[in-house]
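Me: I would like to see how the labels on a structure follow from their definitions. Please go through them one at a time.

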Amino acid sequence: MGIKIKDIPFIYRPREKAIYHGVHSLNEYELLAILIGSGIKGNSAIDIAIELLKEYFSLKNLSSIDYQELTKFKGLSRATTLKLVVAFELAKRILKEENCPKYYNSLDIAKHYQYLNSEKHETLILLILNKRNIITKEKILAVGTQDAVLISPHKIIKEVLLAEEKRFIIIHNHLDDALPSEDDLLFTTSIKNEARKFQLKMVDHIIISPLSYYSFLENNKFNNHQ
């Protein structure tokens, strides 16, 4: 016979332990047991959780098992299996998000992209941000000449829309000083106008140069109504 939940003192049962002592007090099989919910004849949720860990050796290994394989495990219904797979997927996404760089200010971005100063041509990079200012995507959109890089605002907006986010930053480098040219000013205005049509927010346009950087946001080139 396995471990019967009713034989465990009330305060030490997984759910009650989580409520009264905090989720952090639970070990791995107790956490799994709560997700599993209920057992089958002869095997409690705790028994099934313990057997899962024995079968796959660790939570990390278990988290990589797909839905189809996990449904074959004795004691797991399709609904319970789906619950486990979803829980692991959420954990993976949280970990992925934590490992993504976060945008705090234009200076941080400028420092990170100083490597562009080693480029012999102007390069335009798109950064896509989520609502929490996490940079979810970085993409080089164009490489130009020594004094210009050409790309249509429409292509930039298309990339943002495909990423299903609302906020973005563009970065490009100058081989001399960081001050924006007349073309840079017109280009930025065009992108802002195009973004507004789709309710997107251009957070900043940052120009990197060997001696300094220029932020359209810091220089009040963006209004607060975008």
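Reply: What follows takes a few labels and sets each one against its definition. This is a predicted model, in which local features need pLDDT of at least 70, side-chain atom pairs count only at pLDDT 80 or more, and totals for chains, interfaces and linings use all residues. Residues are numbered from 1 along each chain as its sequence is written, and side-chain values use heavy atoms, with hydrogens and water left out.

Me: Why is Lys72 called exposed?
Reply: Exposed means over 50% relative accessible area, buried under 20%, and partly exposed in between (1.4 Å probe, protein chains only). Lys72 has 72% relative accessibility, so it counts as exposed. Lys72 sits in the loop between helix H5 (67-70) and helix H6 (78-98). Helices (H or I, at least four residues) and strands (E, at least two) are DSSP runs, numbered from the N terminus.

Me: How do you know what span to expect for helix H9?
Reply: The expected span is 1.5 Å times one less than the number of residues. H9 (residues 182-197) has 16 residues, for which 22 Å is expected. From first C-alpha to last, H9 reaches 23 Å, which is close to that value.

Me: What makes the buried residues of H9 line one face?
Reply: The buried residues are Asp184, Phe187, Thr188, Ile191, Lys192, Glu194 and Ala195. Down the axis of H9 they fall within an arc of 165°, so they line one face of the helix. The arc is that of the directions from the helix axis to the C-beta atoms. On the other side of H9, Glu182 and Lys197 are exposed.

Me: What covers the buried residues of H9?
Reply: The cover includes strand E1 (123-129), helix H8 (153-162), strand E3 (167-173) and strand E4 (201-208). Contact here means heavy atoms within 4.5 Å.

Me: How do you know that the buried residues of H8 line one face?
Reply: Pro153, Ile156, Ile157, Glu159 and Val160 are buried in H8. Their arc, seen down the axis of H8, is within 155°, so they too line one face of the helix. His154 and Leu162 are exposed, on the face turned away from the buried side of H8. The buried residues of H8 have a cover that includes E1, E2, E3 and H9.

Me: Why are E2 and E5 called edge strands?
Reply: Two strands pair if DSSP finds at least two bridges between them. Five strands form an open sheet in the order E2-E1-E3-E4-E5, with mixed pairing. Strand E2 (135-143) and strand E5 (213-215) are the edge strands, since each pairs on one side only.

Me: What makes E1 and E2 a pair?
Reply: Seven bridges join E1 to E2, and the definition asks for at least two. These two strands run antiparallel, and Ile128 stands opposite Lys137 in E2. E1 and E3 also pair in the antiparallel sense, over six bridges. There Leu127 stands opposite Ile169 in E3.

Me: How do the helices lie on the strands, and what angles do they make?
Reply: H8 lies across E1, E2 and E3, at about 30° to E1. H9 lies across E1, E3 and E4, at about 160° to E4. Axes are lines fitted to C-alpha atoms, for helices over the stretch in contact, and angles run from 0 to 180 degrees between N-to-C directions.
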